[in-house]
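Q: I would like to go through this structure with you. Could we begin with the terms we need?

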Amino acid sequence: MAKKINTVLIPHFIVVGLMIAYLIYAGKLDFDKFMDRLPSVFFLQSIGLSNGYFIAVEWYLASMFFALVILYPLLLKNFDLTSKVIAPAGSVLLIGYLINKYNQLPSSRELDPIIAPSNLRALAVILLGVFCFTISETIRNAELSVLKKRLLIAVENICWIISLLFIVSTLSKKYEGIVVLIMAVAVAICFSRDFTSVIYNNSFVRYLGRISLTVYLCQNVTRKLIREQFDLTNRMTVVAIIVFTILLGVVIDYLCNRKKTAIQSK
């Protein structure tokens, strides 16, 4: 848990600091609003203390940490039972329940009745990830012919294409559960293979994976800044948000890794 939290902590505090600075500059942060949002600084926005937050997308990190607290001891106690039985059964049952009740995979932090749907969602997809890891190890250890390897690559890329098409489509969110399962197939294959080309396995792709955290975290800051401080057309607003979010994510990642390198050298 400490390792997971430390990975997120520095960029989290930087982005929260930027958001607080902007809200003060824009005159949108009084004492009551600050106190309502304060639990989110400690990843406690999904337990019912308050409905406030500084960075909206951090709901997933908060829920993920609670899911890990539940799952990690189970994996330590009995890895095979948890990863091969509890994980697949629990994930599909929770995903099915959420889709059936909310017609989507919800990110709501409202208690219903005693636990936020966002926490159940995080638990469901992390359980699915645990099962994906088991499948990946099985594929990795199997003796595969060239034809089977090519079929796996084809299946993986078809799953990625389906997922991407859904993301940019206007299809109903009730299909999210199905798409998550399709994406899980792609993830399981992707992490199992050392037998493919350099398309996904190179330094540039690994760099994109590294900065994805900071880009993810700072999107709320850039959205508010661009929408509230610049008078742009809808199309230019979207372009500006994307460009500025990526640039800010790259800068924050650079600062975090520079600090990490300095600490390691000491």
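This is a predicted model: local features need pLDDT of at least 70, side-chain atom pairs count only at pLDDT 80 or more; totals for chains, interfaces and linings use all residues.

Q: Then is phenylalanine 34 buried, exposed or partly exposed?
A: Phenylalanine 34 has a relative accessible area of 29%, so it is partly exposed.

Q: How many aromatic pairs are there in the whole structure?
A: A search finds 5 aromatic pairs. In one of them, the ring centres of phenylalanine 34 and phenylalanine 54 are 6.0 Å apart and the planes stand at 55°, so this pair is tilted.

Q: Where do phenylalanine 34 and phenylalanine 54 sit in the chain?
A: Phenylalanine 34 belongs to helix H2 (residues 31-37), while phenylalanine 54 is in the loop between H2 and helix H3 (59-77). They are 20 residues apart, and the pair links distant parts of the chain. Phenylalanine 54 has a relative accessible area of 3%, so it is buried.

Q: What about phenylalanine 79 and phenylalanine 133?
A: Those two form an edge-to-face aromatic pair, with 6.4 Å from centre to centre and 90° between the planes. Phenylalanine 79 is in helix H4 (residues 79-102) and phenylalanine 133 in helix H5 (residues 117-141), so the pair ties together parts 54 residues apart in sequence. Phenylalanine 79 is partly exposed at 36% relative accessibility, and phenylalanine 133 is partly exposed at 46%.

Q: Changing topic: how many salt bridges are counted?
A: The count comes to 6 salt bridges. One of them joins the side chains of glutamate 228 and lysine 28, at 2.8 Å from N to O. Glutamate 228 lies in helix H8 and lysine 28 in the loop between helix H1 (2-25) and H2, 200 residues apart.

Q: Finally, which residues form a nonpolar patch on the surface?
A: Phe230, Leu232, Met236, Val239, Val243, Phe244 and Leu247 form it, with about 590 Å² of accessible area together. Phenylalanine 230 is in the loop between helix H8 (203-229) and helix H9 (234-265). Phenylalanine 230 counts as partly exposed, at 44% relative accessibility.

Methods: Residues are numbered from 1 along each chain as its sequence is written. Side-chain values use heavy atoms; hydrogens and water are left out. Patches are made of residues with over 30% relative accessible area and no salt bridge: like charges are joined within 9 Å, nonpolar side chains (Val, Leu, Ile, Met, Phe, Trp, Tyr) within 5 Å. Accessible areas come from the Shrake-Rupley method with a 1.4 Å probe; for residues, only the protein chains shown count as cover. A salt bridge is a side-chain nitrogen of Lys or Arg within 4 Å of a carboxyl oxygen of Asp or Glu. Helices (H or I, at least four residues) and strands (E, at least two) are DSSP runs, numbered from the N terminus. Buried means under 20% relative accessible area, exposed over 50%, partly exposed in between (1.4 Å probe, protein chains only). Rings of Phe, Tyr and Trp (its six-membered ring) pair if their centres lie within 6.5 Å; planes under 30 degrees apart count as stacked, over 60 as edge-to-face and the rest as tilted.
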